Amino acid sequence: MSKYIEKVENTVLPVIALRGLVVFPNMQTSFEINNKKSVKAVLSAPIFNNTVFLCALEEWENSDNFKLCKTGVTAKVKQALKLPDGNYRVLVEGKHRAEYTELYNDEYLKANLLVKSVIITDNGGVKGDALRLEAINTFENHIKMLPKMSPEILVSVQAIKDPGMLADFIASNVLFDYVDKQKILEITDPFKRLENLIIILKNESKILEIKSELHSKVRERIEENQREYFLKEQLKVIKDELGDASAEKEDDEYFTKIKESAFPEEVKEKLLKDYDRMTKMPFGSSENSVLKSYLDTVLDYPAGIKTKDVFSVEKARKILDADHDGLKKIKDRILEYIAVKQLAPDLKGQILCLVGPPGVGKSSVAKSVARALGRKFVRVSLGGIRDEADIRGHRKTYVGAMPGRIIAAVIQAKSENPVVLLDEIDKLSASVQGDPAAALLEVLDTDQNNAFRDHYMEIPTDLSDCIFIATANTSETIPHALYDRMEIINLPSYTTNEKISIFNNHLLPKQMKKHGLKKRNIKIDEPAVREIIEYYTKESGVRTLERRTADICRKVAMMIAEKGVKSVKITHDNVSELLGPRKVKPDSMLASDTVGVVNGLAWTELGGEMLQVEAQSFDGTGKLELTGKLGDVMKESAQAALSYIRKHAEKLGIDKDFYKTKDIHIHVPEGAVPKDGPSAGVTMISALVSELSGVPVRCDIAMTGEITLTGRVLPIGGLPEKSMAAYRNGIRTIIIPGENVSDLEEVDSVIKEKVAFIPVNSVSEVLELALVKPEKAENFDNKEIDIDIPVSENGFSVSKENVYLKRR
């Protein structure tokens, strides 16, 4: 048999008055307060064990003239968060019903309370079960009329056994009028509370039912106005049943486009099915709109439409030469394609990847390729893409679905064989949405892309006639599977002479036209151009040079407009008047042979750089300090160099106990720039041997190469860029690994004429060349050094003249 026990306790708590809100026991809720007294009440809650009294306002005029409902709830403050506007967002959990007996209106409201708690054993027995079932049935009938009621609430209601808690839960989640909620809150007896809730729910259900009837009548009247539309739809269905719809279909624009398209028959059959579905859908329905957008997109695809290729090698060469200076590799490759296409018209599109530093013309050369071939050009930017759907498209059932960027590019080009530029392919990144690089594997595979399926299009599309030209600053971040599908062409940095040619033939005419200048308005001699390139730009490409050219044109335009000058001549001496003081102070080789300082060469995404490795030793306990923001690989190169020196200390004229008595510090400027890679091995070992032996290193030599513990010199990458950096900084002798001799074919011919490349295979050869030994210093003057020079498979080798060393 159930027992009903009521407990009453006296207490004093701060009061928070709520307007239009009722909180029930065992329920969590949050609300915002801006009343000063309520804020102070919340802030004082920690004094009262984080407990406050929440009470609804019955009447309100101002903060001093109001009336509170007699009954409220004690609540635990879980969180009080101050908002940017000064208000507080408070999260509370109701605990017990309470009535106040007296209010104190000081800094904040406080009240003497009678806290009431009721305990029912056995969930109220038979009476409790009967009331609970009746309440649940009434609740189920009521929520059927509510438009947006979560089914989880019904599951929660059915799980509650306690009659009082059930009444509180339903009242808190379903009742809309706070007056009704307050009535339920004021009833302490759980049975009476549940009985009153059932009555309120039934009354509200009747009101909702009447509203629903009125809404139905209004809707019927509106539908009468659409009677003509429905009759037309019925007429369509009748015609379909009688077989008379074919004549109407043939006059339809979509039907005609599908029939006349160049798609295969199985694709046409699929599109006609989608068209039939669309015509049977109610006009304006979401499914109708989806199918209409789908058919519009598919029918915009240029199936069977191709531009006619220009197979003139001579014409293509003129266009490529007119648009770009240099870039011999890519020009030759395109001309080879045109020549082969002329002999074998069925040759499919090519997939090239141009790798080089920014500003060397990778993107612009793709436009020239399209112009030379007479094809449409379209650019697809891949930088920052992290969603596979950007490549393959979204399923058409999704809201806002669209085809992937590849198909969108072909549609934009309005041709099935455009030149597609895949810009910044090395900047792709994977995420939880998939790996876009993996999606590109099918696009860039000539054996598969003749039937590429975009998720949105859902039909096979032929991409085999497209020429894909990808661009990247580095090939290291391109996934191997994707790298393997492309023909890699490395574009080196421009030499100063090439930049001068580009300035005169392209940049200056372009900027003069842009700024409204004519040839007679501006004259600039070659020394001035060289001054701009060397002291106002520091780049592998020509983007900064173009900006400096624009600066000059603006200054000249200002002189013409303001002072009436008709012509401005720019020379080496007056460049600074237009561009200000020199912005770039290029690194240069040391003025004299120095102990412990060696010229090294590095390669970055921006091109080649010359860096000087410095080594210092001093009395200590054998510590090795590495600074200059070095990566793990460079640190390991330093460790390998140190181990080699310890092994061969006596031969190198170094104290064999140096690792016990000397601390060594290796520094690589600039300290704020991260550096890594194995190619600084020979530089580090030369600096260490020089410092520990006291023998200076030749200041007119730069070097690059990876070393092993046994003293072998291993090949490195980026030789063309590194040699460019050395040449730019006045170095005329470079030590390279013997296995890199074949890479000299890719080095600019101007550099090969001016710079001597010395191949080496061991550390001892490096030290013999780099270190200046006083007792043998005269042997370096006009003497040839006997070095075995490896010959590459194609017969290229370094001439004897190129290893002829002269003392400065």
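User: Which residues line the largest cavity?
Analyst: The model is predicted: local features need pLDDT of at least 70, side-chain atom pairs count only at pLDDT 80 or more, and totals for chains, interfaces and linings use all residues. Residues are numbered from 1 along each chain as its sequence is written, and side-chain values use heavy atoms, leaving out hydrogens and water. On a 1 Å grid over the protein atoms alone, a cavity is a set of points where a 1.4 Å probe fits but cannot get out, and a lining residue has an atom within 4 Å of a point. The largest cavity is lined by Leu-18, Leu-21, Val-22, Val-23, Leu-54, Cys-55, Ala-56, Thr-71, Gly-72, Val-73, Gln-182 and Leu-185.

User: Which elements give two or more residues to the lining of the largest cavity?
Analyst: Elements are DSSP runs numbered from the N terminus: helices (H or I, at least four residues) and strands (E, at least two). Those giving two or more residues to this lining are β3 (51–62), β5 (71–82) and α5 (178–186).

User: What is the volume of the largest cavity?
Analyst: A search of the whole structure finds three cavities of 30 Å³ or more. A volume is the space filled by probe spheres set on the grid points, which are joined across faces, edges and corners. For the largest cavity, the volume is about 40 Å³.

User: How many charged residues are in the lining of the largest cavity?
Analyst: Ala, Val, Leu, Ile, Met, Phe, Trp, Tyr, Cys and Pro count as nonpolar, Asp, Glu, Lys and Arg as charged, and the others, Gly among them, as polar. The lining has nine nonpolar and three polar residues, and the number of charged residues is therefore none.

User: Is Ala-171 buried or exposed?
Analyst: Ala-171 is found in helix α4 (residues 163–174). With a 1.4 Å probe and protein chains only, buried means under 20% relative accessible area, exposed over 50%, and partly exposed in between. Because its relative accessible area is 0%, Ala-171 is buried.

User: Which residues does Ala-171 touch, not counting residues up to four places away in sequence?
Analyst: Contact means heavy atoms within 4.5 Å. On that basis, Ala-171 touches Phe-24, Lys-181, Ile-184 and Leu-197.

User: Which residues in α16 are buried?
Analyst: Just after α16, Lys-414 takes a positive phi of about 55°. Within α16, the buried residues include Ile-406, Ile-407, Ala-409, Val-410, Ile-411 and Ala-413.

User: Which element gives the largest share of the lining of the second largest pocket?
Analyst: A pocket is an open set of points with protein on both sides within 12 Å along at least five of seven lines. About 770 Å³ of space lies in the second largest pocket, whose 26 lining residues have His-324, Gly-361, Ser-364, Lys-510 and Glu-546 nearest its centre. By class, this lining has seven nonpolar, nine polar and 10 charged residues. Its largest share, five residues, comes from α14.

User: How many of the 808 residues are buried, in %?
Analyst: The protein has 28 helices and 27 strands. Of its 808 residues, the buried part is 45%.
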